[in-house]
Amino acid sequence: MNFWKTLVGKIWLTIICLVAVVLITLGLFLLPYIDTNFANSGDIKRLFTYTSIIGFSMTTFFGLFLLSRITQPMQKLIHAADAIRKGEYGTRLSVVTSDEIGALATTFNHMAAELEDNIRNLNQEKEHLASVLRSMSDAVITFDNSGKVILTNPPGHRVLEMWRTIDWDYESTDDQGAQSLEVPEPLHELFNMTINGNGDSSTSVHVKQDVWSVIMTPLYSDNDIRGAVAVMRDVTEEVRLEKMRTDFVANVSHEIRTPLSMMQGYSEALLDGMATSPEESRELIQVIHDESLRMGRLVKDLLVLARMEAGHPDMDMGFVDIHELLERVYRKFSVRSKDCGLHLHYEARSDRLVIQTGDEDKLEQVMTNLLDNAFRYTQTGKNVYIIAEHIQGEQQASFVLIQVKDEGVGIPKEDVPFIFERFYKADKARVRGESAGTGLGLAIVTSIVEAHHGSVKVASELGQGTIFTIKLPVEYRK
């Protein structure tokens with residue numbers, strides 16, 4: 001039906017054009033004849049005038065027809081295409097004719113709709129990818145094939161900013177090349193391997209005290225490598241825990257092997273009859289007994305520490321009178337302080353020293369471990385202090401502050417950050433005539449205090465003494 005309408009319109013347009021051309025040609029043909037032979041004939045002049053007017057009118061009509069049916073729709077099409085080019089993908093044409101211009105407008109509208117839908121889908125995919133990258137805890141950095149950064153997620157941006165503050169020792173003397181390459185120094189070798197076509201590459205890089213696991217994958221464009229993307233994960237804590245596990249096994253083996261070797265040696269001496277008198281036999285038996293007690297303490301401390309770190313402290317929480325607890329500990333250690341030639345002091349700087357939630361037995365173990373260390377590392381004639389007071393914190397929170405202060409040999413500054421680690425031991429040359437402990441006491445102290453939602457800190461000066469400060473909340477609030 002549209003075909004026939006278009007065909008009829010074209011036929012009428014052709015007829016109009018032919019009539020206009022015939023009339024104009026006729027007028028031009030009669031013009032010389034009129035001027036020479038019929039100059040005085042008014043009828044011929046009127047005929048010529050009418051013919052010219054009709055021809056001009058038909059030509060004007062034909063021009064207006066072309067303007068309204070072809071030129072204006074084409075102008076609309078040009079403006080719509082320019083709007084699409086500028087990003088106005090919702091632009092549509094309102095041409096409703098049934099000719100080729102109308103078909104072109106309809107096709108244009110379909111193309112614009114498909115383009116708008118594709119752009120919307122691409123933007124959604126882009127936002128989805130950006131959301132995924134933002135939500136990743138791993139650092140993602142994308143490089144082009146020249147080494148310049150073209151895309152990062154927030155963790156990747158933070159890593160780059162952090163690494164830019166580090167002064168790297170470039171092996172190359174080409175400063176310009178080092179500055180133009182934006183790949184961080186720890187990733188240079190991995191980036192070169194990836195760009196050179198070695199496929200996916202992975203390694204662990206060490207940056208100061210941090211350890212990063214890096215996986216770098218090439219980016220392809222028509223089978224050509226156009227860059228690389230690096231995914232980095234901070235595995236410092238995992239490496240530290242693995243080292244702690246390895247050290248723990250080694251330390252436990254060492255600590256248990258020593259008393260077992262001594263027990264085995266002295267028992268073999270008894271079996272071989274090397275003791276020639278009851279006094280020597282008793283001495284050998286006493287050594288075996290002491291070493292068995294030492295091994296028992298080690299196993300007990302290991303079990304306590306394991307249960308605490310596993311989240312099973314087995315604590316009986318309730319009201320605890322800290323003043324009464326410290327008085328009991330002071331009386332228990334007073335006898336030992338006299339035997340060691342030390343002066344033990346207890347000072348309560350507040351009238352009411354209580355906490356609403358605590359385990360009295362576990363807190364007594366904390367004080368026992370701290371005082372045992374203080375006695376072990378303090379020379380004869382020196383003082384050991386127990387100080388307790390009630391303090392007011394922020395937001396109406398109150399705390400009980402307990403300090404164990406000694407005048408001992410102190411702790412070297414470089415060793416202070418490690419004293420709460422398992423199996424940490426001071427130099428045995430600084431221990432006052434007693435065997436060193438198991439190295440688990442302060443680790444147990446930390447676990448118990450943290451289970452009470454408190455904190456423990458240490459301040460020490462070599463040759464001047466050490467102060468352990470415990471801060472316990474009077475009432476714990478989640």
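**Entry 1: loops and phi**

Helices (H or I, at least four residues) and strands (E, at least two) are DSSP runs, numbered from the N terminus. With that settled, I looked up Lys208, which sits in the loop between β3 (201–207) and β4 (210–221). The model is predicted, so local features need pLDDT of at least 70 and side-chain atom pairs count only at pLDDT 80 or more, while totals for chains, interfaces and linings use all residues. Residues are numbered from 1 along each chain as its sequence is written, and side-chain values use heavy atoms, with hydrogens and water left out.

I checked the phi of Lys208. It is positive, about 55°, although Lys208 is not a glycine. Most residues other than glycine have a negative phi. Is Lys208 buried or exposed? Its relative accessible area is 69%, so Lys208 is exposed. For these words I used the following cut-offs: buried is under 20% relative accessible area, exposed is over 50%, and partly exposed is in between (1.4 Å probe, protein chains only).

I then turned to His453. His453 is not a glycine either, and its phi is positive, about 60°. His453 lies in the loop between α11 and β11 (455–461). Its relative accessibility is 42%, so His453 counts as partly exposed.

**Entry 2: helix α11**

How many of the eleven residues of α11 are buried? I found eight, so helix α11 (residues 441–451) is mostly covered. Among the buried residues of α11 are Leu442, Ile444, Val445 and Ile448.

**Entry 3: the cores**

Next I looked for nonpolar cores. A nonpolar core is a set of buried Ala, Val, Leu, Ile, Met, Phe, Trp, Tyr and Cys residues joined through side-chain atoms within 4.5 Å. The largest one has 39 residues. Those with the most contacts inside this core include Ile322, Leu370 and Ile402. Elements that give two or more residues to this core include α9 (322–340), α10 (360–376), α11 and β12 (465–473). Which element gives the largest share of this core? It is α10, with seven residues.

Leaving aside neighbours within four places in sequence, Ile322 is in contact (heavy atoms within 4.5 Å) with Leu353, Val354, Ile355, Leu363, Val400 and Ile402. I also noted a second, separate core of 19 residues, which includes Val183, Leu187, Val207 and Met216.

Ala348 came next. Ala348 is in strand β7. Its relative accessible area is 33%, so Ala348 is partly exposed. Not counting residues up to four places away in sequence, Ala348 touches His323, Leu353 and Ala388. Ala348 and Leu326 are 22 residues apart along the chain, and their C-alpha atoms are separated by 9.1 Å.

**Entry 4: salt bridges**

A salt bridge is a side-chain nitrogen of Lys or Arg within 4 Å of a carboxyl oxygen of Asp or Glu. By this rule I get 14 salt bridges.

I opened the pair Glu116 and Arg92. Their closest N and O atoms are 2.8 Å apart. The pair links distant parts of the chain, with Glu116 in helix α3 and Arg92 in the loop between α2 and α3, 24 residues apart. Glu116 is partly exposed at 24%, and Arg92 is partly exposed at 35%.

Which residues form salt bridges with Glu364? Arg328 is one of them, with the closest N and O atoms 3.4 Å apart. Here Arg328 is in helix α9 and Glu364 in helix α10, 36 residues apart. Lys332 is another, with the closest N and O atoms 3.3 Å apart. Lys332 is also in helix α9, 32 residues from Glu364. Glu364 counts as buried, because its relative accessibility is 16%. Lys332 counts as partly exposed at 44%.

**Entry 5: Thr91**

Thr91 is in the loop between α2 and α3 (100–135). Its relative accessibility is 17%, so Thr91 counts as buried. Apart from neighbours within four places in sequence, Thr91 is in contact with Ala80, Ala83, Ile84 and Ala112.
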